Amino acid sequence: MCERDQIDEWTRRGGFDWTGNRRQFAAMGAMGALAACAPGSIAGSSEELAEDRVTIATRDGTMDAYFVRPARGRHPAIVTWPDIAGLREAFEVMAQRLAKQGYAVLVVNPYYRAIPAPQFRDFADFRAQGGFEKVGLWRGALNADAVMRDATAVIGWLDQRPDVDTARGVGTHGYCMGGPFTVWTAAAVPGRVRAAASLHGGGLVRPDDAQSPHKLLARTQARYLIAIGQDDDAKAPGDKTAFREAASAAGRPAEVEVYPANHGWTVIDSPSYDQAAAERAWERMSAMFATL
């Protein structure tokens with residue numbers, strides 16, 4: 001999980017300009033779009049995109065979200081759970097790249113019970129606004145039951161969309177605090193969710209919690225990508241083994257790997273963004289989503 005000292009370190013020089021990361025990410029995305037045009041790829045990768053700000057009725061209120069997909073055709077759906085700083089431009093850019101690969105991508109506002117998105121422009125803004133104090137109550141509402149209610153609502157909404165291919169499975173990916181949300185999503189709608197990726201997710205193994213993600217794997221029908229930061233692994237080195245063992249016992253395919261990069265390395269507005277490691281994680285995630 002994102003820690004105070006880490007974000008303080010990220011922004012201690014008075015801010016962070018992530019435009020270079022965005023350019024790198026966009027360039028790699030363009031290369032990926034060309035590769036996706038190869039035989040056997042998902043149709044629609046070279047098409048222009050359609051994007052909307054949408055609202056979704058949930059049991060707890062009205063969720064706002066960002067929805068992007070190829071402008072024509074029907075496509076497998078992906079649910080994106082952002083990190084602690086919420087739905088913002090960086091996640092929209094990342095969703096656009098995934099949509100260009102042929103997916104209908106919904107980036108949710110996990111804090112919708114309290115406030116519409118965006119809550120922060122980027123991590124520098126998160127720190128400047130006292131982000132940890134601000135999101136404390138918002139995050140407190142996001143227990144397993146709440147996330148599963150939300151996941152049920154958003155997948156139900158996606159399945160009513162004419163641009164979503166309901167003959168294909170749903171994928172989900174989550175970052176930082178959103179990592180465990182992917183397993184809860186798979187447990188909430190097991191008949192639809194076929195793939196879940198946790199990118200430097202925290203709290204996947206909670207030994208004293210009956211709803212710990214690793215304890216719910218048998219309730220799911222998904223395959224998993226668990227990409228772990230090297231610093232997160234150093235703090236909890238047993239978690240990767242516990243998750244692997246739980247996945248094996250549940251009969252769920254799971255790729256669990258520690259990456260040579262620090263927490264936040266896959267998010268383009270993060271000062272710890274590592275292009276090489278991020279592209280590897282993206283490649284592995286894309287390969288998994290191709291099985292939907």
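Author: A search through the whole structure, which is a predicted model, turns up one cavity of 30 Å³ or more. The space in the largest cavity amounts to about 70 Å³.

Reader: What makes a space count as a cavity, and which residues line the largest cavity?

Author: A set of grid points is called a cavity because a 1.4 Å probe fits there but cannot get out, and a lining residue must have an atom within 4 Å of a point. The residues that line the largest cavity are Phe25, Met94, Tyr175, Leu199, Thr266, Tyr273, Ala278, Glu279, Ala281, Trp282 and Met285. Helix α10 (residues 275-289) supplies the largest share of this lining, with five residues.

Reader: How do the residues of that lining divide into nonpolar, polar and charged?

Author: Nine are nonpolar, one is polar and one is charged. Glu279 is in the lining, and Glu is among the residue types that count as charged.

Reader: How do you know that the length of α10 agrees with what its number of residues should span?

Author: The expected span is 1.5 Å times one less than the number of residues, and for the 15 residues of α10 this should come to 21 Å, whereas the end C-alpha atoms are 20 Å apart, which agrees. At the start of α10, the backbone nitrogen of Ala276 has a side-chain oxygen of Asp274 within 3.2 Å.

Reader: Why is helix α3 (residues 89-100) described as largely enclosed by the rest of the structure?

Author: Buried means under 20% relative accessible area, and nine of the 12 residues of α3 are buried, so α3 is largely enclosed by the rest of the structure. The 12 residues of α3 should span 16 Å, and its end C-alpha atoms are 17 Å apart, which agrees. After α3 comes Gly102, with a positive phi near 105 degrees.

Reader: Are Arg192, Cys176 and His200 buried or exposed, and how do you know?

Author: The cut-off for buried is under 20%; Arg192 has a relative accessible area of 14% and is therefore buried, as is Cys176 at 1% and His200 at 1%. Arg192 belongs to the loop between α7 (179-188) and β6, Cys176 to the loop between β5 and α7, and His200 to the loop between β6 and β7 (223-229).

Reader: What makes the backbone at Cys176, His200 and Pro118 worth a remark?

Author: Most residues other than glycine have a negative phi, and most peptide bonds are trans. Phi is positive at Cys176, near 55 degrees, and at His200, about 40 degrees, while the peptide bond from Ala117 to Pro118 is cis, with omega near 0 degrees. Pro118 lies in the loop between β4 (104-108) and α4 (123-128).

Conventions:
Residues numbered from 1 in each chain as written. Predicted model: local features only at pLDDT ≥ 70, side-chain atom pairs only at ≥ 80, totals over all residues. Heavy atoms only, no water. 1 Å grid on protein atoms, 1.4 Å probe; cavity = no way out; pocket = protein on both sides within 12 Å on 5 of 7 lines; lining within 4 Å. Points joined across faces, edges and corners; volume = space filled by probe spheres on them. Helix = DSSP H or I, 4+ residues; strand = E, 2+ residues; numbered from the N terminus. Buried < 20%, exposed > 50% of the residue type's maximum accessible area, 1.4 Å probe, protein only. Polar contact = N/O pair within 3.5 Å; in protein donor to acceptor, adjacent residues only side chain to side chain.
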